[in-house]
Amino acid sequence: MANYNPKRALITKVAIARKQIVIDEDAYRELLERRYGVTSSTKLNIKQLSELLNLFETKYGWKPKPAKTKKPTSTQQKGRGYQGEFVEISDKDPLAKQKRYALALAKLLGWKLAGLNTRCKKQFKVERFEWISQQKHMQTLIRDMQVRCKKRGIDYSPN
């Protein structure tokens, strides 16, 4: 990855501003010659580039637009958990507390409900997470998620 160059960034910003306020090439070169004695923005120093941008803002009404934010990658989205997903765990379920804790761990790990269901189907032969009825299955699942949290440095205490 290339190092950040503040002068290069300002030169790019000047070029963008120039296009947005629609200054033709000749008028732009004349402005540079008159104010700074050069014909190219690459020959300006950082202070002069900042002054030029300030001139574009004050005299020509240019407003810098905020940078576009990039869409987060799948690894950056981890930890967001169940976006829009809802699981109802009945209070009558003897494993209700453990299931809620397991869902909280899954959310910390960034797992989707569909993935959790798939895991339960493969590992415990139960179609859906909510349908787990054996204590040992819940303990196995929770223990594994705690280990995964620990490896990622996530605090998994149920406080």
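Select residues 113-124, which form helix α6 in this predicted model. At 1.5 Å a residue, these twelve residues should span 16 Å, and the end C-alpha atoms are 16 Å apart, so the two values agree.

Next, colour the buried residues of α6: L113, L116, N117, R119, C120 and F124. Turn the view to look down the axis of α6; the buried residues fall within an arc of 160 degrees, so they line one face of the helix. An α-helix has 3.6 residues a turn, so residues three or four places apart point the same way.

What does that buried set pack against? Show α5 (96-109) and α7 (135-152): the buried residues of α6 pack against both. Before leaving the helix, step to K125, which follows α6 and has a positive phi, near 60 degrees.

Now move to the largest nonpolar core, which has 23 residues. Select L103, L116, F129, I132, M138, L141 and M145, the residues with the most contacts inside this core. The elements that give two or more residues to it are α5, α6 and α7, and α5 gives the most, with seven residues.

Centre on F129 and list its contacts, leaving out residues up to four places away in sequence. F129 touches I89, K99, A102, L103, L116, N117, C120, M138 and L141. Two of these names, L116 and N117, were already coloured as buried residues of α6.

For the last stop, select V14, L32, Y36 and L55. They are among the 18 residues of a second, separate core.

Technical notes: Residues numbered from 1 in each chain as written. Predicted model: local features only at pLDDT ≥ 70, side-chain atom pairs only at ≥ 80, totals over all residues. Heavy atoms only, no water. Helix = DSSP H or I, 4+ residues; strand = E, 2+ residues; numbered from the N terminus. Expected span 1.5 Å × (residues − 1). Buried < 20%, exposed > 50% of the residue type's maximum accessible area, 1.4 Å probe, protein only. Arc of directions from axis to C-beta. Contact = heavy atoms within 4.5 Å. Core = buried A, V, L, I, M, F, W, Y, C linked by side-chain atoms within 4.5 Å.
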